[in-house]
Amino acid sequence: MRSDEQVSNEARERHLQTLGEISAALEKKDLYTQAHGHRVALYSMRLARRLGFSAEEIRNVGIGGLFHDVGKLAMSDHILATRETQLSNELKQEVQCHPLIGAALLKNIAFLGPVVDFVLFHHEREDGKGYPFGLNSAEIPPGAKIVSIADCFDAVTTDRPYHKGQPAAAAYAVLREGCHGNFNAIFVEVFIQEIEEGGMIQDIDPDPLLADELVRSIAGCSHQVF
Ligand SMILES: [Fe+2]
């Protein structure tokens, strides 16, 4: 008869395999989204570390960054490739479902715990005008606020179908402007300090080892990675 430990190890391995498959599916669907996820993971962990988060919290935030847009797996290729900045209401609704879909994909993976909320709430705003729920500031977990800042910074500074990547200073301006409703102002200033001292992430290819090590470390399969 198999011990409880064997059963839980097997369950964990199955979950890790599921995450690997999700990650591979995302790569196949949209290389930009996958590379963006890796950069957002690294930026999010740097901000969490600078804010004094524990090693476990830093890893959670990293996984949240890595998978924040995983719900885009369900979006039509047309939206992912569009150059339109003004989407129709129908397409906008489709885009706004991606946090819900992402959280649904991850929610049964027990060891991910708070990570699911970081994915679910990464488009919520301090002023309550975000989506999908319009949460107020106090209801949004700090990890989701961090991912949202890293997400914005990377979106401004890298090439997308509808714009060329801008320098860091342009992204600082967008983030500071966003402090009037979207972002946590303290987190934004700490993030800018981090980028000023540590620099931007340039031209990385998605690193399968980062994803694997992060996920395995949080699942208790390996010792401290970060
Ligand atoms: Fe998103």
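This is a short walk through one predicted model, from the overall fold to the iron site and then to a few side-chain contacts.

I will begin with the whole chain. The protein chain has 11 helices and 0 strands. Read along the sequence, the pattern is α-α-α-α-α-α-α-α-α-α-α. The chain holds 226 residues, and 46% of them are buried.

Next, the metal. Which residues coordinate the iron ion? They are Asp69 through OD, and His98, His122 and His123, each through NE2, at 2.1 to 2.2 Å. In sequence these donor residues follow the spacing D-x28-H-x23-H-H.

The arrangement around the iron ion is irregular, because the 4 donor atoms subtend angles of 86 to 177°. For four donors to count as tetrahedral, all angles would have to lie between 85 and 135 degrees. As for cover, Asp69 has 4% relative accessibility and so counts as buried. His123, with a relative accessible area of 22%, is partly exposed.

Now to helix H2, residues 31-50. At 1.5 Å a residue, its 20 residues should span 28 Å, and the end C-alpha atoms are 29 Å apart, which agrees. Is H2 enclosed or open to the outside? Of its 20 residues, 15 are buried, so H2 is largely enclosed by the rest of the structure. After H2 comes Gly52, which has a positive phi, near 85°.

In general, side chains of opposite charge can pair when their charged atoms come close. The whole structure contains 9 salt bridges. One of them joins the side chains of Arg46 and Glu194, at 2.7 Å from N to O. That pair links distant parts of the chain, with Arg46 in helix H2 and Glu194 in helix H10 (residues 185-198), 148 residues apart. Arg46 counts as buried at 16% relative accessibility, and Glu194 is buried too, with a relative accessible area of 12%.

Another salt bridge is between Glu197 and Arg50, whose closest N and O atoms are 2.7 Å apart. Here again distant parts of the chain are linked: Glu197 is in helix H10 and Arg50 in helix H2, 147 residues apart. Glu197 is exposed, its relative accessible area being 60%, whereas Arg50, at 30% relative accessibility, counts as partly exposed. Arg46, Arg50, Glu194 and Glu197 are linked in a network of salt bridges.

Elsewhere, Arg125 and Asp127 meet through their side chains in a salt bridge of 2.7 Å, N to O. Arg125 is partly exposed, with a relative accessible area of 24%, and Asp127 is partly exposed at 33% relative accessibility.

Two items remain. Phe133 sits in the loop between helix H7 (115-120) and helix H8 (142-157), and at 45% relative accessibility it counts as partly exposed.

The other item is Tyr172, in helix H9 (residues 168-178). Buried or exposed? Tyr172 is buried, with a relative accessible area of 9%. From C-alpha to C-alpha, Tyr172 and Phe153 are 7.6 Å apart in space, and 19 residues apart in sequence.

Notes
Residues numbered from 1 in each chain as written. Predicted model: local features only at pLDDT ≥ 70, side-chain atom pairs only at ≥ 80, totals over all residues. Heavy atoms only, no water. Helix = DSSP H or I, 4+ residues; strand = E, 2+ residues; numbered from the N terminus. Buried < 20%, exposed > 50% of the residue type's maximum accessible area, 1.4 Å probe, protein only. Donors = N, O, S within 2.8 Å, 3.2 Å for Na, K, Ca; no water. Tetrahedral: all angles 85-135°; square planar, octahedral: opposite > 155°, others 65-115°. Expected span 1.5 Å × (residues − 1). Salt bridge = Lys/Arg side-chain N within 4 Å of Asp/Glu carboxyl O.
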